[in-house]
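Work through the exercises below with the structure in view. Try each task before you read its solution.

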Amino acid sequence: MGRHGWNSGARRWRLTALLGVGVAALALVLTVISTLPDNKGSTAGTTRDGDKVHGQPGEPPDQQGPSVGWGFTHTQHSADEGADAAVERAEKLIGERPMPQNQAIMGWGADNPEPVKGRYDFDALDRRVDFIRASGGTPVITLCCAPDWMKGGKAGVDNTNWSQPNLEKAPDPEHFQDYANLAATVAKRYPYVRHFIVWNEFKGFWNDGEGRWDYEGYTKLYNLVHKALKKVDKDIMVGGPYLVMDSLDPKQTDGASDVVKGAWGRMDQRIVDAFTYWNENKAGADFVVVDGSSYTNDDEMLPDEFAATDKFTAVSRWIERQTGDLPLWWAEYYVEPADSKDERQGWSEPHRVAVQAAGMIAMARGGATSGFYWNPEDEKGASCAGCLWRPTDRASGGTRLPMYDLVSRFNEEFGPGTTYESVPVAKDDVPNVRVLADDKAVVVVNTLNRAISAKVDGKRFEMQGYEVKWLKR
């Protein structure tokens, strides 16, 4: 869908081209020397032993079930790079409340992992995985995207096309097995990673001729990857289909679902069809993965931004009816529409955190066991709208921001295995608050931009506008 960052941004050595003709000539000579005739592309900086275990294997994280809890996804810029003091501070911050952390194998901070068939470059991905482990997180890997030579492009270190349209191409069907082999290589390299998501948002799987998703193609790729990962280790956990659960205006009937609907809108029937096909034809799954926004395809939040989050509950419950006992993950979830530059900076931070909290509550109410906040980290600056921590470009960076407190506390209180309980809410407060509770904690969200006096779980307390309050039971 292209609504979030995708550039790798990690190929620092490309800047040597700016140093002059002499250096460029030397680079050309090295490229010619390192080009293998059978691979038809530069292999500079790559290795054949991509499946060699990276780092100390150690024991996998304690949480080994198919539900990993509530965490975040690393995007193009993250805390694995920057000023040493800031990187260390962010690592320590996350380590205080370890969360699951998700990283793609190509793009969003990771380089082309296999620029030439059989030749690998995992330096950037290694660094991200190292950061996740150092900060105590449960690592999750999203198997997206694909090297150029698998999708009609040129092989070679210098030939990766990082344009968004190219990055979002799916592998050609004749290279599905090659992609499955790459997935197996990744799994062997990081044996401590136990959770893998197959692909991202059906990127490249659109059937122009029929005006629908190519769910047959995606499911074929998924099944090959599933088989390859289980061959590496039968205990590896694999999930899909990572579909975007698009919704339309509730008044729209053309192409809209009559089954999955509410005041928030109607599900796009093409998404329902794609999910149904995958579910009925998948080789197997340890968990189900989707993503989506609370608002419609036209960026309408109906009836308002808080009530629109009810979509997460409705969609989650529908998925549960289709898949039975499989745990449900939301790989991405959005509650604030982006502007023309794909940025979400229009709300105040208290407003943003409050609606985000309502969205997480809605997912949990629907039965979701895990969710990943798409961290919109800036490369530079002293502030960052919606980010978990301040950018790490300066020594003072890496400090907590309000969204970090919400996501980390939510995971701490409502992690895997949580049994939710109902709590009494004063009748006049019901329209104004969102509440979630288990036997130890209650989170309360004030949906109004003004102070209120609320009574929840038998306790009376004051709340500021858009405040998120935690209560102990």
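**Exercise 1.** Find the residue in strand 20 that stands opposite Ala-441.

*Solution.* Ala-441 stands opposite Lys-472 in strand 20. Strands here are DSSP runs (E, at least two residues), numbered from the N terminus. Next, take the whole pair: strand 17 and strand 20 (residues 468-472) run antiparallel over five bridges. Strands pair if DSSP finds at least two bridges between them.

Before going on, note that this is a predicted model: local features need pLDDT of at least 70, side-chain atom pairs count only at pLDDT 80 or more, and totals for chains, interfaces and linings use all residues. Residues are numbered from 1 along each chain as its sequence is written, and side-chain values use heavy atoms, leaving out hydrogens and water.

**Exercise 2.** Describe how strand 16 meets strand 17.

*Solution.* Strand 16 (residues 433-437) is antiparallel to strand 17, with five bridges. A hairpin of three residues links strand 16 to strand 17. Within the pair, Arg-434 stands opposite Val-445.

**Exercise 3.** Is strand 17 enclosed or exposed, and why?

*Solution.* Buried means under 20% relative accessible area, exposed over 50%, partly exposed in between (1.4 Å probe, protein chains only). Six of the six residues of strand 17 (residues 441-446) are buried, so strand 17 is largely enclosed by the rest of the structure. Now split by direction: Ala-441, Val-443 and Val-445 point one way, and Val-442, Val-444 and Asn-446 the other.

**Exercise 4.** Locate the disulfide.

*Solution.* Look for cysteine sulfur atoms within 2.5 Å. Cys-384 and Cys-387 are joined, S to S 1.8 Å. Both Cys-384 and Cys-387 are buried. The count is one disulfide.

Notes. Helix = DSSP H or I, 4+ residues; strand = E, 2+ residues; numbered from the N terminus.
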